[in-house]
Amino acid sequence: VQDTFTSMFVTGFYGTDGIWITREALNLNTTPDWWKINDAPSTGVKTFEFSRDGKHMFYSSWSGGLWRVSNLDQLWAEGDQENLDIVQLIPNAGGVVTGIASDPNDPENLVISIGGYGTVSGGKVQKITNATTAQSSSEVDRSSIWEFTGDETDMEKMPCYSVVIDVMDESGETIIVGTEFGVFGSSDNGNSWEQCNGVAPG
């Protein structure tokens, strides 16, 4: 009988050193079994994010790529890696993908943050609306949601380091971004942003 409430823990390295996952990281009574699920990007893995249902995992590289691993609910033992579906969603996001947020209420929605100074053609915060169903980078529905107007346009150039989608907003439109100049929040899917260090947006 499978315990469908086990934990999952993942770590990643460089190239053929791979990306590894275990379901026994919280079991202190055993030496965890680790399974290699894929080679890692040649530039190394930057960050990971699981969907709330545990079926998908997203990871990024230091060179700006973004991948999805699906069917994790079918990974329980060595050899089950053949059940996994791995798709590169973004070949190059324009900079290092520093943060990944999967919408807790709808895993199709995924938001990423981009580090570094200067402008990025795709935007420093980008949203994907078909994150779990796109089967190639050409199918990905992606747009910038990090835009400022007037005297605040320079805000678009600052590094963004992390991102979270508010679990309490079922619409997925409340997004929090950690930046070089503090925390910014939006309650309207990135149509407007406000600095909200210590205060929730809206």
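Predicted model: local features only at pLDDT ≥ 70, side-chain atom pairs only at ≥ 80, totals over all residues.
Three strands make up an open sheet, arranged in the order S1-S2-S3 with antiparallel pairing. Strand S1 (9-12) and strand S3 (35-38) are at the edges and have a single partner strand each, so one side of each lacks a neighbour in the sheet. From one strand to the next, the twist averages 30 degrees. Strand S2 (residues 19-22) is joined to S3 by three bridges. Across this antiparallel pair, isoleucine 21 stands opposite tryptophan 35 in S3. In general, the strands of a sheet pair through backbone hydrogen bonds, in either a parallel or an antiparallel manner.

**Strand S13 and its partners**

Strand S13 (residues 175-179) is largely enclosed by the rest of the structure, because four of its five residues are buried. S13 pairs with strand S12 (residues 160-165) and also with strand S14 (residues 182-186). A hairpin through two residues connects S13 to S14.

| Strand pair | Sense | Bridges |
|---|---|---|
| S2 and S3 | antiparallel | three |
| S12 and S13 | antiparallel | five |
| S13 and S14 | antiparallel | five |

Cysteine 160 faces threonine 179 in S13, while glycine 178 stands opposite valine 183 in S14.

**The nonpolar core**

The largest nonpolar core contains 16 residues; those touching the most other members are Leu66, Leu89, Ile90, Ile100, Leu110, Ile112 and Ile128. At least two residues of this core come from each of strand S7 (85-90), S8 and S9. In soluble globular proteins, nonpolar side chains tend to be buried together. Isoleucine 90 illustrates the surroundings of one core member. Leaving aside residues up to four places away in sequence, isoleucine 90 touches Gly64, Gly65, Leu66, Ile112, Gln126, Ile128 and Arg142.

**Aspartate 103**

The loop between strand S8 (97-102) and strand S9 (110-114) holds aspartate 103. Aspartate 103 is buried but has no salt bridge. Its nearest side chain of opposite charge belongs to lysine 127, 5.7 Å away, whereas a salt bridge is defined as a side-chain nitrogen of Lys or Arg within 4 Å of a carboxyl oxygen of Asp or Glu. When residues up to four places away in sequence are not counted, the contacts of aspartate 103 are Asn109, Ile165 and Gly172.

Terms used: Residues numbered from 1 in each chain as written. Heavy atoms only, no water. Buried < 20%, exposed > 50% of the residue type's maximum accessible area, 1.4 Å probe, protein only. Lys, Arg positive; Asp, Glu negative; His and termini not counted. Contact = heavy atoms within 4.5 Å. Pairing = 2+ DSSP bridges. Axes fitted to C-alpha atoms, helices over the stretch in contact; angles between N-to-C directions. Core = buried A, V, L, I, M, F, W, Y, C linked by side-chain atoms within 4.5 Å.
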